[in-house]
Amino acid sequence: MNIHGLAETVSSTHRQSRRRSFPRAFTLIELLVVIAIIAILASLLLPALARAKSRAITLSCLNNLKQLNVCWYSYSQDNNDLIVPNNYIEGFTPTTNGTDIDSSLSDGLSWIMDNPRTDTTAVNIQKGLLYPYNDSTAIYHCPGDRSVVVDAAGNPLPSGQLRTRSYNMSQSVNGYPEFDDWIDQSVPFFKTVISIQNPDPTRCFVFLDENEDTIMDGQFGMPTLPFWPDANQWWDMPSNRHTQGANFSFADGHAEHWKWVVPKIYLGFMPQDVPGAEEPDYTQVRSVMRLSFDN
């Protein structure tokens with residue numbers, strides 16, 4: 001082979017090598033097809049992922065309520081079956097038989113001592129009677145609760161800080177009448193765990209995931225038969241953040257997720273009338289509370 005033939009062969013081999021090194025690129029149509037397939041897969045997967053995330057948040061909230069319930073029961077075991085006091089005693093001077101009590105005595109005399117709307121730390125949670133039984137302040141806050149701390153005028157703080165507490169305790173479990181004569185006369189309650197009946201421990205709720213727009217004190221209240229037998233109003237509202245539902249724990253230790261017929265929407269004032277469509281939800285909540293002294 002002469003030099004010219006050799007050069008020709010080398011050049012041909014080099015061109016073939018270059019062609020092999022640079023495969024054909026996608027056409028515009030092929031690229032659009034791939035993008036369309038990805039979009040279809042995303043549309044199928046994203047709702048499933050969103051549902052999975054929502055379910056995980058609900059389960060985490062239910063776990064928090066179960067842990068608080070363990071603290072609640074442990075307190076009664078250490079105190080001759082007495083249910084932990086449950087009253088809002090921060091910010092006012094309590095009375096007994098018309099006699100003022102030094103408000104400094106209120107520290108440590110209820111299951112919770114904070115105002116979740118304005119407290120920027122968990123200090124007042126730590127003053128509560130249940131805190132020694134589980135020193136995790138995280139169990140007081142629902143992971144789905146995105147409400148933020150506000151100042152005294154009701155304006156959100158610039159930091160956008162999340163609140164420290166999302167849960168309240170039913171007025172039916174020791175509404176703490178020693179600090180409030182009105183409660184003693186108007187709110188039926190169970191003083192000890194063994195006395196819980198009608199509803200029984202499987203149906204008497206202890207903690208719930210309260211609506212972020214109505215939570216303030218530590219007690220979830222409802223109109224009672226001795227005080228207001230014909231009332232058809234929310235005093236406090238359960239939450240709506242778990243796919244239009246809320247979570248509850250019960251005196252026997254289990255927790256449940258309840259789905260609402262209609263959304264729980266705060267209209268800017270309390271008490272709030274219950275419209276007809278909301279009656280099933282309202283009746284369901286009342287069924288797990290003690291509302292009469294006759295039972």
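The model is predicted, with local features requiring pLDDT of at least 70 and side-chain atom pairs pLDDT 80 or more, while totals for chains, interfaces and linings use all residues. Residues are numbered from 1 along each chain as its sequence is written, and side-chain values use heavy atoms, without hydrogens and water.

The chain contains five helices and nine strands, arranged along the sequence as α-α-β-β-α-β-α-β-β-β-β-β-β-α; helices (H or I, at least four residues) and strands (E, at least two) are DSSP runs numbered from the N terminus. Of the 295 residues, 42% are buried, that is, under 20% relative accessible area with a 1.4 Å probe, protein chains only.

Seven salt bridges were counted, each defined as a side-chain nitrogen of Lys or Arg within 4 Å of a carboxyl oxygen of Asp or Glu. One of them joins Asp-114 and Arg-165, with the closest N and O atoms 2.7 Å apart. Asp-114 lies in the loop between β2 (99-100) and α3 (123-126) and Arg-165 in the loop between α3 and β3 (167-170), so the bridge ties together parts 51 residues apart in sequence. Asp-114 is buried at 1% relative accessible area, and Arg-165 at 0%.

Lys-264, buried at 3% relative accessibility, forms salt bridges with Glu-278 (3.1 Å, N to O) and with Asp-281 (2.7 Å, N to O). Lys-264 lies in the loop between β8 and β9 and Asp-281 in helix α5, so this pair ties together parts 17 residues apart in sequence.

Technical notes:
Buried means under 20% relative accessible area, exposed over 50%, partly exposed in between (1.4 Å probe, protein chains only).
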